Amino acid sequence: MAVVEIVSFGYLHDAPPAAHLTLDLRHHFRDPHASPELRDMTADDEPVRAAVLGTPGVAALVLATASAVDALASGPSAGAITVADGCAGGRHRAPVFARALAELLSDAGHDVTVHHRDMDKPVVNG
């Protein structure tokens with residue numbers, strides 16, 4: 001199976017990292033940052049994970065992204081596949097999505113690493 005690197009990030013911190021697949025989660029999925037009780041939390045907190053994974057469309061996008069990774073892995077190149085997924089600040093949607101994708105791909109036998117570029121950065125109020 002393929003070697004897959006997943007990088008979650010926040011668009012408000014820096015440009016997206018180089019990747020084979022880049023997903024912008026900002027406009028189609030509600031931002032937990034909008035809820036005062038979730039704003040200062042991160043993907044390490046269960047209420048954030050529940051909010052993101054309970055958002056309509058997120059699970060389907062995780063499955064579709066895993067299918068895209070499988071399609072890339074079936075090609076003739078033996079190189080690693082990089083998936084970048086971003087939200088506004090990189091603390092909520094993107095890292096939850098990255099972890100869900102990593103779990104699915106790992107269960108399918110891929111060698112997966114996950115890096116959260118911006119999850120530990122301060123809350124962005126922009």
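## A walk from the cavity to the charged pairs

The lining of the largest cavity is made up of five nonpolar residues, one charged residue and no polar ones. Here Ala, Val, Leu, Ile, Met, Phe, Trp, Tyr, Cys and Pro count as nonpolar, Asp, Glu, Lys and Arg as charged, and the others, Gly among them, as polar. You are looking at a predicted model, in which local features need pLDDT of at least 70 and side-chain atom pairs pLDDT 80 or more, while totals for chains, interfaces and linings use all residues. Residues are numbered from 1 along each chain as its sequence is written, and side-chain values use heavy atoms, leaving out hydrogens and water.

To find the lining in your viewer, pick out L25, F29, V52, V58, R93 and F97.

Next, let us turn to charged side chains. Side chains of opposite charge can pair when their charged atoms come close. With a salt bridge taken as a side-chain nitrogen of Lys or Arg within 4 Å of a carboxyl oxygen of Asp or Glu, the count comes to six. One of them joins D44 to R99, with the closest N and O atoms 2.7 Å apart. D44 is partly exposed at 45% relative accessible area, and R99 is partly exposed too, at 29%; the term covers values between buried (under 20%) and exposed (over 50%), using a 1.4 Å probe and protein chains only.

Another salt bridge links K121 and D118, at 2.8 Å from N to O. Through shared partners, salt bridges join R117, D118 and K121 into one network. Within it, K121 is partly exposed at 32% relative accessibility, whereas D118 is buried at 0%.

Conventions. 1 Å grid on protein atoms, 1.4 Å probe; cavity = no way out; pocket = protein on both sides within 12 Å on 5 of 7 lines; lining within 4 Å.
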